[in-house]
Structure formats: structure tokens, C-alpha cells
Amino acid sequence: MTQGFRLAAATGLHKGDRPYQQDQVLMMSHPRVPGCMLCVVADGMGGRSGGRKASDQVLMTARQLFSRYSPERDSSTAVLQQLLEDAHTVIKLTALSSEQEPHSTLAAFLMNPKGDCAWIHAGDSRIYHFHDGQLVTRTRDHSYVQVLIDRGEITEAEANVHPKGNILLGCLGMTTMPPPIEPHYIPMMQPGDLLMACSDGLWHYFTPDELASVLYAEPPRDAVEILVGEARRRARGTGDNISIAVVKFEALPAQA
């Protein structure tokens, strides 16, 4: 029998084959509450200045909201929804000084000291939840090809090479419609669980089984390096920016 768990975590960020970095990744512990942490991945879009400004705004908003968050008083799902809505509003305002209309994806999860966890996303950055090497669930992309998958018109493999695979139907900063709000709540994380948030520059090159095989065979820091390196190899000189955050829930030995 195990008592609780400990967290092992790592992040990764790589420019890929792009001329500049628009992805951003954040992993931070709460400034006042031990065992409370926030992970955020943001994939900015909209020209050299627009995309980076958008992802920067996501992280700035996340830091501000999380610093005021109280697990005893506030809802983790509500604060993540506020992050999505506030970042969306701020990004729309940055369009006034950007080269192009700025946008960003969002994939964020918030872990509370008592073991519950919430996540939210917008766009095609993903969150994966694994348990003992098996995929439990992942976020559903807000993209054109995901709609085709849902209709049964194409497969996941076909979506990866579809000519319209980069078209998003929901993300932060869009002026035509607000981003979708689809929070997910896990009442209690368990030893053997693993959460990974990443941009499409990483997940595009792997099946869930491939991801799990690396994530469970190696410590998070090594796993991140291996996955980023393999994504770079498989991209063959055409790779996008890469951002990844991994949190592994490891069992503690039972006390005698």
C-alpha cells in the first residue's frame, strides 16, 4: 500500500526550424501554498511580434491569477476559465500594436495540495492524462481536422498530413467568436498518473503509445529531452516551435 505521492516534473522549449520562438511554457509552484502548482503551454500565432506577444500575455495573465489563487477559497476550474477569458481579452487588445492579428493556444492544468486537478484548453495545444503507461484521456483539438475526424471523414493519421491541418476553429484572440470553454476536473490524482501539456510541434509526431513508452521509461527531464529530440528528427527540417510540460505522480513507499 502507498501513502500519497511525490511529483517529478520537467519542461522543454525549442525553436524547431522556425526563425523565431512563439511558444511559451510555464511551470510554477504557488508562492504561499506548498503542493499547489500551475502548468501552462501557449503557442502564439500572428507574425514575429504578434505571436510572441500573444503567448507572453497568456503567461503574464497566468502568473497574476495564480498568485492570487487560494485553494481553500477559490475554484480551480473557475480560475482557469478566468485565465482563458482574461488572456483572450488582453490578446485582442495587443492587435493594435502587432504586425498581424495575434492569437494563441492554451493548455493549462492546476494541481491542488489535496490531490485534485483541473485543466482547460483552447486551440490545438494538448493535455494528455496517462495512468501506468496507458492513455486515460486527452483534450480534443479545436481545429478543422478534428471536426472531420468527429464526422468520420478522416482518421487521426490522415489529419496529421491534411493540407488544412493548421486551421483552428477556437483559440485566444479570435475576433469572430470567443474561445470554447471546456474545463476538465480530476477529483483525485493517483500514483502512476502522468500529465503532459504540449504544443502541436511535439504531439504531431507521436502516437499516445509512443509518448507513454518514453514518459514512463525515463525521468521527466530525460523524457522531455528524448521527445524533443525525436520530434526534431522526425520533422526533417520542417519542425514548428516545441513546448512541453510533464508532471509525473510517483508512489511513496508505505510507512512501516
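**Reading rings and a sheet**

Me: Are Tyr128 and Phe130 buried or exposed?

Reply: Buried means under 20% relative accessible area, exposed over 50%, partly exposed in between (1.4 Å probe, protein chains only). Tyr128 and Phe130 are both buried here. Bear in mind that the model is predicted: local features need pLDDT of at least 70 and side-chain atom pairs 80 or more, while totals for chains, interfaces and linings use all residues. Numbering starts from 1 along each chain as its sequence is written, and side-chain values use heavy atoms, leaving out hydrogens and water.

Me: How many aromatic pairs are there?

Reply: Rings of Phe, Tyr and Trp (its six-membered ring) pair with centres within 6.5 Å; planes under 30 degrees apart are stacked, over 60 edge-to-face, the rest tilted. This structure holds three such pairs. One of them is Phe66 with Tyr69: their centres are 6.2 Å apart and their planes at 20°, so they're stacked. Phe66 and Tyr69 are buried too. As for Tyr128 and Phe130, their ring centres lie 5.9 Å apart with planes at 0°, so that pair is stacked as well.

Me: In what order do the five strands of the open sheet come?

Reply: Helices (H or I, at least four residues) and strands (E, at least two) are DSSP runs, numbered from the N terminus; two strands pair if DSSP finds at least two bridges between them. Follow the open sheet as E1-E11-E10-E7-E8, with antiparallel pairing. E1 (5–14) and E8 are the edge strands, each pairing on one side only. Ten bridges join E1 to E11 (residues 242–251), and Arg6 stands opposite Glu250 in E11.

Me: Where is Thr139?

Reply: Look in the loop between strand E8 (134–138) and helix H3 (144–150). Thr139 is buried, with a relative accessible area of 3%.
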